[in-house]
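Dear colleague,

I am passing on the structure below, together with my notes on what turned up when I went through it. Please read them with the structure open beside you.

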Amino acid sequence: MDRLDCLETFAHVYESGSFSAAARRQGTTQPTVSKRIAWLEEHFSASLFMRSTRRLTPTEEAGRIYEHARKLLESYELTRASIHNALPEPAGTLTIAAPSSFGRHILMPLAAEFLRLYPDISLDLRMSERQINMLEEGAELALRIGELKDSSLRMRPLGRISRFAVASPLYLKNHPAPKEPGELAEHLCIGYSRFGLTTNWVFESEYGRHLVDIECALRVDDADMLQAAVLEGMGIAILPGWLALPHLEAGEMEIILPDFIVPGLPLNAIYPDPGTLSLRARSFLDFLAENKKLLA
């Protein structure tokens with residue numbers, strides 16, 4: 001059995017978390033994938049994946065083997081390309097996890113442009129407002145908005161997401177706009193429940209930082225729902241730029257407290273280990289870093 005084919009199959013299973021997904025990537029069958037993984041487990045005298053009815057979980061041994069396998073496979077591609085005096089072209093399936101609203105409004109147009117530039121790459125986009133487990137989802141990259149808490153992950157900063165405190169003219173018709181953050185206690189406010197049960201809104205001004213404890217009349221767990229609630233006149237909310245700016249320009253929303261700034265949030269790409277990043281993942285990271293559309 002060809003050892004390089006087995007290692008490539010193993011890498012696909014490790015990245016996708018699925019025998020069937022790995023088979024699709026390689027244009028082969030699931031039984032063939034199973035045989036190759038079984039051969040590797042016998043060859044290395046180690047179990048590579050913990051199997052259950054719901055998912056495949058790589059073992060500790062699989063993690064160590066994957067680091068070396070990915071480097072070996074890329075070295076092979078570089079060697080093959082050197083024969084023709086050309087750099088290898090990124091190829092294969094890249095699985096990316098990202099927040100749902102960001103994915104719909106920002107990432108999808110960028111993904112279309114990226115695929116036009118790299119026709120040998122296919123993208124598998126996993127969208128969720130919750131922060132998923134990259135290993136369980138088989139994601140090679142994840143895009144996260146906000147401060148990162150998991151120090152075991154490597155990250156590449158991509159910029160900052162602007163945010164605005166907004167309300168609709170319909171709401172402001174019956175509720176005079178607050179003049180300072182403390183007056184928000186007298187207003188209907190809409191909170192994003194993914195940030196936790198307590199809602200603290202932060203504003204910055206020439207006088208320093210203002211932290212306001214908000215009592216929410218409504219909480220939602222999806223950013224697009226937050227936007228919809230504002231447009232319905234249900235209250236004041238803090239929205240990311242990609243959801244606020246089009247409606248501000250159209251006059252369908254107004255900025256609340258214009259003398260106070262809502263701090264932006266960092267946008268980062270995260271991944272387990274830069275030494276195991278595929279060429280397609282590095283190409284996508286470089287593409288994102290160069291694209292100013294992210295800074296909405």
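The sulfur of C189 has its closest cysteine sulfur in C216, at 6.5 Å, which is too far for a bond. Please keep in mind here, and in everything that follows, that this is a predicted model. C189 is buried, since its relative accessible area is 1%, and C6 is likewise counted as buried, because its relative accessibility is 0%. Across the structure as a whole, the number of disulfides is zero.

C6 belongs to helix 1, where it is one of the buried residues, among them also L7, F10, V13 and Y14. This helix covers residues 3-16, and from its first C-alpha to its last it reaches 20 Å, close to the 20 Å expected for its 14 residues at 1.5 Å a residue. Helix 1 is mostly covered, with 10 of its 14 residues buried. As a general point, an α-helix has 3.6 residues a turn, so residues three or four places apart point the same way. At the start of helix 1, D2 places a side-chain oxygen within 2.9 Å of the backbone nitrogen of L4, while the residue that follows the helix is G17, with a positive phi near 70°.

Three strands make up an open sheet in the order 12-7-13, and their pairing is antiparallel. Strand 12 (237-240) and strand 13 (254-255) stand at the edges with a single partner strand each, so that one side of each has no neighbour in the sheet. Between strand 7 (residues 163-167) and strand 12 there are four bridges in the antiparallel sense, and one of the pairings to look at is that of R163, whose bridge partner in strand 12 is P240. Helix 9 (residues 241-249) packs on this sheet, where it touches strand 7, strand 12 and strand 13, and its direction makes about 100° with that of strand 12. Helix 8 (residues 223-231) lies across strand 7 and strand 12, and it runs at about 130° to strand 12.

Strand 5 (residues 141-145) is largely enclosed by the rest of the structure, because four of its five residues are buried. Strand 5 runs parallel to strand 3 (residues 92-98), to which it is joined by two bridges, and A97 has A142 in strand 5 as its bridge partner. With strand 14 (residues 265-271), strand 5 runs antiparallel, and four bridges join the two; here R144 stands opposite N268 of strand 14.

S45 has a positive phi, near 55°, and is placed in the loop between helix 3 (30-44) and strand 1 (49-51). L257 also has a positive phi, near 55°, and is found in the loop between strand 13 and strand 14. Which of the two words, buried or exposed, applies to S45, and which to L257? S45 counts as exposed, because its relative accessibility is 67%, whereas L257 counts as buried, because its relative accessibility is 3%.

With best wishes

Note on methods
Residues numbered from 1 in each chain as written. Predicted model: local features only at pLDDT ≥ 70, side-chain atom pairs only at ≥ 80, totals over all residues. Heavy atoms only, no water. Expected span 1.5 Å × (residues − 1). Buried < 20%, exposed > 50% of the residue type's maximum accessible area, 1.4 Å probe, protein only. Polar contact = N/O pair within 3.5 Å; in protein donor to acceptor, adjacent residues only side chain to side chain. Pairing = 2+ DSSP bridges. Contact = heavy atoms within 4.5 Å. Axes fitted to C-alpha atoms, helices over the stretch in contact; angles between N-to-C directions. Disulfide = S-S within 2.5 Å.
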